[in-house]
Amino acid sequence: MEDVFAFADQLGPTKVLHIHEPSASLKAVLVVDNVAAGPSIGGIRMAPDVSTEECFRLARAMTLKNAAAGLPHGGGKAVVYGDPKMAPPDKERLMRALACALRDVREYILAPDMGTDEACMAWINDEIGRVVGLPREVGGIPLDEIGATGWGLSHAADIATRQCGMALEGARLVVQGFGAVGRHAARFLVEKGARLVGASDSRGTAYASDGLSIETLIELKQAGKSVTEHPGVDQLRRDAVVDVECDIWIPAARPDVINETNVDRLKTKLVVQGANIPVTGEAERRLHERGVLCVPDFIANAGGVICAAMEYQGATETSAMAAIEEKVRANTHQVLEDATRRRVMPRVAAMALALERVTRAMSFRRWSVF
Ligand code: NAD
């Protein structure tokens, strides 16, 4: 039998809840990790092959990400066993059942993740409230539409370029993945003077040494086409995006895209991590040894969760964007300074910052993790 305390350590989790409601075919797991800083925020992931262990790991990642972002929220996560492409009426029943099952778990604020969207959040809102990532019509801030995470990345890049002794103005930029995160990061950085020389999606890479047009790329993607259809560019293979020489390289697609097999091909001064865990641990160490600065994912891509936390407080879009700018700039600055002073990798400094904030929040509480 699985040891239910297998994941327990000094930080949590405070609660692991297995939920079963046969009448709605609902099987789900909730992990509330550490709520010393405040009620946990973390998304609901729906997939046929989720597990309690995955749920715990994701919840812990949220504890650290929320703490690093300086939010008054702990980390939690829910996973639902099921096919996210099921018929909408079945999905609605499942989401409403999940909401009812979690009605009294006040230390968890529900949010979207892979396999759930703003419609799911609206059904949950209708049942119990205590949810973020809502449609605009019921008080949500559409974070992918406004580019919350890309906005934060552009500020992380701005701070980090200074640390590398280069200017954003004229810096050559490459973005892997031209979805919600990548296209907005590119748009904001081009507005700040960077030159987008390479962009890729799942179908290929577009390269132009004198710069790609952001407007054209966004129009192509909105029309369901590939970035490689940009007129007058070199069309390269999808993974050739790794070889494009640049000053700033932004992964905004999938995990582990930079690994031991391709890290030595990367010719850049700075990697600002938009996707979650886009660089393996070993590859990140190799980049550090070569003097390539890496801004870790949970510092650089925190814009989305900061936006969600602001939505929960009833903030406007404008104040959410201002909070992202302030927090991501301050945290990037602190992490890079600490890393330089302590002569460690930025990820080590970022972990220390997150742990210090969680531990300090715990020190004010009668019980350490709840
Ligand atoms: P998305 O689905 O909107 O976009 C992903 C893009 O990557 C698409 O353009 C797709 O064509 C492209 N892509 C997929 N596989 C690729 C490959 N192998 N090579 C090149 N391009 C590829 O997703 P998103 O919301 O932009 O998220 C991107 C990443 O950022 C994910 O890892 C996600 O977990 C992470 N993230 C997203 C947010 C957010 O606010 N949306 C916040 C933090 C982290």
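Q: What kind of model is it, and what pLDDT do local features need?
A: The model is predicted; local features need pLDDT of at least 70, side-chain atom pairs count only at pLDDT 80 or more, and totals for chains, interfaces and linings use all residues. Residues are numbered from 1 along each chain as its sequence is written, and side-chain values use heavy atoms, with hydrogens and water left out.

Q: Helices, then. At what angle do α2 and α3 pack?
A: About 40 degrees, with the axes of α2 (residues 88-101) and α3 (residues 118-128) 9 Å apart. That makes α2 oblique to α3. Angles under 35 degrees count as roughly parallel, over 145 as roughly antiparallel, 65 to 115 as roughly perpendicular and the rest as oblique. Axes are lines fitted to C-alpha atoms, for helices over the stretch in contact, and angles run from 0 to 180 degrees between N-to-C directions. Helices (H or I, at least four residues) and strands (E, at least two) are DSSP runs, numbered from the N terminus.

Q: Left-handed or right-handed crossing for α2 and α3?
A: Right-handed. That term applies if the near helix is turned clockwise from the far one by less than a right angle; anticlockwise is left-handed.

Q: Which residues of α2 and α3 meet?
A: Pro88, Lys91, Glu92, Met95, Arg96, Ala99 and Cys100 in α2 meet Cys120, Trp123, Ile124, Asp126, Glu127 and Ile128 in α3. Contact means heavy atoms within 4.5 Å. By class, this contact has eight nonpolar, no polar and five charged residues. Ala, Val, Leu, Ile, Met, Phe, Trp, Tyr, Cys and Pro count as nonpolar, Asp, Glu, Lys and Arg as charged, and the others, Gly among them, as polar.

Q: How do α5 and α6 cross?
A: At roughly 50 degrees, and the axes of α5 (residues 148-163) and α6 (residues 180-191) come within 7 Å. That makes α5 oblique to α6. Their crossing is right-handed. On the α5 side, the contact includes Trp151 and Leu153; on the α6 side, Phe188 and Leu189 are among the residues. The contact divides into seven nonpolar, four polar and no charged residues.

Q: And what about α1 with α12?
A: Helix α1 (residues 52-68) packs on α12 (residues 346-363) at about 90 degrees, axes 8 Å apart. So α1 is roughly perpendicular to α12. Thr63, Leu64, Ala67 and Ala68 are the α1 residues in the contact.

Q: New topic. What volume does the second largest pocket have?
A: About 200 Å³. A pocket is an open set of points on a 1 Å grid over the protein atoms alone, where a 1.4 Å probe fits, with protein on both sides within 12 Å along at least five of seven lines; lining residues have an atom within 4 Å of a point. Grid points are joined across faces, edges and corners, and a volume is the space filled by probe spheres set on the points.

Q: Which element gives the most to that lining?
A: α11, with three residues. Both β12 (293-295) and α11 (317-342) supply at least two. The lining has seven nonpolar, four polar and one charged residue.

Q: Last one: which peptide bond is cis?
A: The bond from glycine 12 to proline 13, with omega near -5 degrees. Proline 13 sits in the segment before β1 (15-21).
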